[in-house]
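Please keep the viewer open as you read.

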Amino acid sequence: MSVTFPAAAPAPASADLSVWPASARAASDGDVTVAGVSLAAAADRFGTPLYLLDEGEVRDRCRAYRAAFPDADVVYAAKAFLCRAVVRWAEDEGLGLDVCSAGELGLATSAGFPPGRIVLHGNAKSPEDLYAAVRLGVGRIVLDSAPEIARLAALVPEGDRRQVMVRVVPGIAAGGHAKIRTGTGDQKFGLSVTDGSAQHAIARILARPRLELVGLHCHIGSQITSVKPYVAAVRRMVGLMTQVRDHHGLELPQLNIGGGHGIAYRPGEAALDPAALAVRVRAELEDGCAHAKLPVPRLTVEPGRALVGPAGVAVYRVLTVKETSGRTFVAVDGGMSDNPRPALYGVRYAPLLIGRRPTAAPAVVTVVGRHCEAGDVLAEDVALPGDVRPGDLLAVPAAGAYHLSMASGYNLVGRPPVVAVRDGSARLLVRRESLDDMSRRDVGL
Ligand SMILES: *Cc1c(COP(=O)(O)O)cnc(C)c1O
C-alpha cells in the first residue's frame, strides 16, 4: 500500500476492497458504501455512469504526503483531476498546484488558489499559457524548450523578474507504460543532460535578467512503483547542480523531482510508498550535496494519481450481456469517453458487481463500453458473477485519476457527473454533461 490508513472492515470473501478508498465497506445485501454513502443509492440519485470521489481519502492522502515530506513542497499535479472543490481541498491541506495550461491555471485561480503556490508546466506552452502565468503571477514556470526562454522573457514587464526552473531529462527509464515514460531522451518532454541541451538552456536563462533560475525539475514517468529510479534521478540532478555551480558560480536553491508515484489498480498490485520514497530521496540528496559541497536545495514533489486515484470510484449500469465466440461481453453505459486509459495504455481494472448479492459462481467476462469502437474495453478477462445481467451495477475502484480529466465527447454520450462523498452524505461537484451543453458549441449551419 502506498499510504497507511486504517484498514477497511473485514469484507465478505466475494468483495476484496483492498484497492478501494479506506472508508469502503461491503454491506450484507451486496451494496458497497464509500464514506458512508451507498453506491446503489448514489447511482439511483445521480444516474450512471457516475464518478464518486471520497473527500476524506483525498485529504488523508494529502496529509500523508505532507507528513512524509515535512521539509518539502508537495504540489498536486492537477491534470490527474481538477475541479474547484479539489482545488479547495489542495489549498486547505497546504499543497501547491501544478498546472499545464491557461485553462487549468484559470480554473485554479478562479477557485481562489494562491498563484504563488502554482507551478506551470508544459512541453509547448502557448502564448496564452505564458501570458496568463505572467499576468496572474504564477510562482514558478518550468521551461521545457529553448524558444520558450526568449518568449517568456519578452512577456515579463521591465524591472520585474519571474522564477523559473528547467525541465531536465535525467536519462532514467521508469514508468508503467512506454507512453508515460518521460525520463529518457526519446520522448518530447524536457531538455537532455546527455546532449547538453539542458546546460545550454541554463546558460541562456542566466543571460536573461527578467528570469530568475531557482532550480531544476525532472519528472521521469508515471505509475512508478519503485523508489530506485527516483534515487538515480536525484543523483543525476545533483550532478547537474554541481556543473551549474562550477560553470556559473550559482548554487540552485530548489530541486523538483516531479511525481509519477504508482498506485494499485487491482488487489495485490504494488504501490509506491511516499514515506519510503521520502526517506531514500532525502538520504541521496543530503549525501550527494555533502559530497559535492552544495547546500541541500528545497525539494518539491508533484504527486497527481497518488492523491486522487484511489479516492475515486466509477459506477456503471450494465446495458447488455452478449456471448460470442465463447466469450462473454458485459457492456456498460460508459466506456472510453469517460475512461480512455485501457485503450491508451492497456491498463487493467478490477470491476465489482454491487447492489445485489450474486447468485452464481464467478465467470470470466470482458467488460466493454458502449462506444462505437472495438477497442472500447474497460476490463478484459475479469471474474464477475456468472449471473451478471442488464440493470446490474458495476463499480470500478481506483478511478479518481486520468479518467475524467482525459474524458472526451466521443459519440456525444456526455461526460459523467462527479459527486463528493463525506460523512455519509453526497454532494454534486460537477454535473452530468447534457446534450444542451454539447449543442451550445455547435454554432454554425
Ligand atoms: C503528470 C505529471 C505529474 C504527475 O504525475 P502522476 O503520475 O499523476 O503522479 C507530475 N509532474 C509533472 C511535470 C507531470 O507532467
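Begin with Cys 372, which is exposed, with a relative accessible area of 61%; here exposed means over 50% relative accessible area, buried under 20%, and partly exposed in between, using a 1.4 Å probe and protein chains only. A word on the ground rules: this is a predicted model, where local features need pLDDT of at least 70 and side-chain atom pairs count only at pLDDT 80 or more, while totals for chains, interfaces and linings use all residues. Residues are numbered from 1 along each chain as its sequence is written, and side-chain values use heavy atoms, leaving out hydrogens and water.

Cys 62, by contrast, is buried at 4% relative accessibility. The structure holds zero disulfides, where a disulfide is a pair of cysteine sulfur atoms within 2.5 Å.

Now to the backbone. Most residues other than glycine have a negative phi, and most peptide bonds are trans. The peptide bond from Thr 48 to Pro 49 is cis, with omega near -10 degrees. You will find Pro 49 in the loop between helix H1 (39-46) and strand E4 (50-54); helices (H or I, at least four residues) and strands (E, at least two) are DSSP runs, numbered from the N terminus.

Ser 325 is not a glycine, yet it has a positive phi of about 50 degrees. This serine lies in the loop between strand E14 (312-324) and strand E15 (327-332), and Ser 325 is exposed, at 75% relative accessibility.

Next, look at helix H3, residues 84-92, where Ala 85, Val 86, Val 87, Trp 89 and Ala 90 are buried. In an α-helix there are 3.6 residues a turn, so residues three or four places apart point the same way. Just after H3, Gly 94 takes a positive phi of about 80 degrees.

Pro 274 is buried, with a relative accessible area of 3%. Its C-alpha is 6.4 Å from that of Ala 68, although Pro 274 and Ala 68 are 206 residues apart in sequence.

Tyr 402 is not a glycine either, but has a positive phi of about 60 degrees. Gly 309 is 93 residues from Tyr 402 in sequence and 7.9 Å from it in space, C-alpha to C-alpha.

How many residues surround the ligand? There are 16, and the closest are Lys 79, Ser 222, Gly 260, Arg 305 and Tyr 402; a residue counts if one of its heavy atoms lies within 4 Å. A polar side-chain atom of Tyr 402 lies 2.5 Å from an oxygen atom of the ligand. On the nitrogen side of the story, a polar side-chain atom of Asp 98 is 3.4 Å from a ligand nitrogen, and one of His 219 is 3.5 Å from a ligand nitrogen. The protein covers 94% of the 390 Å² of accessible area that the ligand has on its own, with areas from the Shrake-Rupley method and a 1.4 Å probe.

Key. Polar contact = N/O pair within 3.5 Å; in protein donor to acceptor, adjacent residues only side chain to side chain.
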